[in-house]
Amino acid sequence: MKCKREYMQLYAVTDRMWTGEKTLLEQVEAALQGGATCVQLREKELDEAAFLGEAHAMKALCRKYGVPFFINDNVKIAIACGADGIHVGQDDMDAAEVRRLVGEEMMIGVSVNCVEQALAAVQAGADCLGVGAMFSTATKQDADSVSMDTLREICAAVEIPVVAIGGISRENMTKLQGTGVDGVALVSAIFAAADIEAECKALKQMTEIFSAQPKGRRMQAVLTIAGSDCSGGAGIQADLKTMTMNGVYGMSAITALTAQNTTGVQGISAVSPAFLAQQLDSIFTDIRPDAVKIGMVSSAELIGVIAEKLQEYGAEHIVVDPVMVATSGAALLEADAVSALTEKLLPLAAVVTPNIPEGEILSGMTIETKEDMEQAAERIGRDYGCAVLLKGGHSINDANDLLYAEGNCIWFRGKRIANPNTHGTGCTLSSAIASNLAKGYNLEEAIDRSKAYLSTALEAMLDLGAGSGPMQHNAALTGKFAETR
């Protein structure tokens, strides 16, 4: 029997722990009425005869609703009842041995938690994979959690259907979007519900986010959460140009509209917290970003919304550019927002990218030398629990930037480019780092590649506007679409 992807969409795994007034069979029928697409019978306590009798009854029920029926672990019972499938864990029987015993017609599911195990299971003859545990569970509290990156890598590495397992519920299911998974295997989320049928209907509707996603290789997506620069040199405009030139799909959630140009900022109009939340919901529930860059956020209330949504959706590879003061000297961050930034956003960051003035605010110290940079970066990193790229482009240590990560300081050497037009350099660098993290580069590689991109944009010597002008983000673009007359 071929394992179809639609079987995995809402995979119900039984547990006798939650049987009350209803029998296990009645609970399973309620789940099937609610839209469960597969049922796996898991029994740890019944003797063989009772287990087999229950298996026959449940198989008949699954036939009635036209869904496949799996047995958990017990190959003998699976063969005896004529189940559609058998699911085994890493510590149970080897998948190749299971295939030898059950023949070619029965589907085999295997639990895995890394790419190596997934590929080995496929080689041994597995028809589908269960990947997890994704979150802590009531039944397996000691299980190691699998990261979203690992789940994404497994889905990309195999051609067979993949179901996510472990601690999944309505509250956290959307965090799995964009990983390539075909569905979810649920235990307590279904069978501990007061109304199993209604809960399954709600869960089934949520699982449509998986079936709606295209399969196969996709372009990495990066989200910028920042203000708009109407003159195009900084903010989301610079971010989106940078993301495009670094080979990712750019998306934006706008925190504020600004009236600004190369001479300064003339006005700021912030969006409402409710509308910012709407933008983030729209993005994360459709095209899930592989990385997030956060730029100008002017108020504590907006920062709170961002932190809440990023945690709700389990966002990864978060790069925070703590935009506090514009190049022209205009304040872009309200006084009460600084503490919100440090308390709510920096602990979520993979890396924070302050310049020297911002580094002084975050560290609470004056930075005048190379040694000051090292001390300040370490203080910021230790205080807020994130990696820190302290940029040296403010007449300190030439154009060399300092990365403090996991207790170590790493210098990134750069050449100072004699270009007075530096509007948007911070936005550009942080967006490039997010783009490269999304593509799978580690932090050091991402920074190195991003600094090279920034240098190329500066070396083009674009000269627009009466003040500190923008860089040429598309300097590396070649071909007929870049030609001029």
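This report covers salt bridges and a surface patch in a predicted model.

## Basis

The model is predicted: local features need pLDDT of at least 70, side-chain atom pairs count only at pLDDT 80 or more, and totals for chains, interfaces and linings use all residues. Residues are numbered from 1 along each chain as its sequence is written, and side-chain values use heavy atoms, with hydrogens and water left out.

## Salt bridges

Side chains of opposite charge can pair when their charged atoms come close. A salt bridge here is a side-chain nitrogen of Lys or Arg within 4 Å of a carboxyl oxygen of Asp or Glu. The whole structure holds 21 salt bridges.

One of them joins Lys293 and Asp239, at 2.9 Å from N to O. Lys293 is in strand S12 (residues 291–294) and Asp239 in helix H10 (residues 235–245), so the pair ties together parts 54 residues apart in sequence. Helices (H or I, at least four residues) and strands (E, at least two) are DSSP runs, numbered from the N terminus. Both Lys293 and Asp239 are buried. Buried means under 20% relative accessible area, exposed over 50%, and partly exposed in between (1.4 Å probe, protein chains only).

## Surface patch

Ile79, Met93 and Leu101 form a nonpolar patch on the surface, with about 240 Å² of accessible area together. Patches take residues with over 30% relative accessible area and no salt bridge; like charges are joined within 9 Å, and nonpolar side chains (Val, Leu, Ile, Met, Phe, Trp, Tyr) within 5 Å. Areas come from the Shrake-Rupley method with a 1.4 Å probe; for residues, only the protein chains shown count as cover.

Leu101 belongs to helix H4 (residues 95–102). Leu101 counts as partly exposed because its relative accessibility is 37%.
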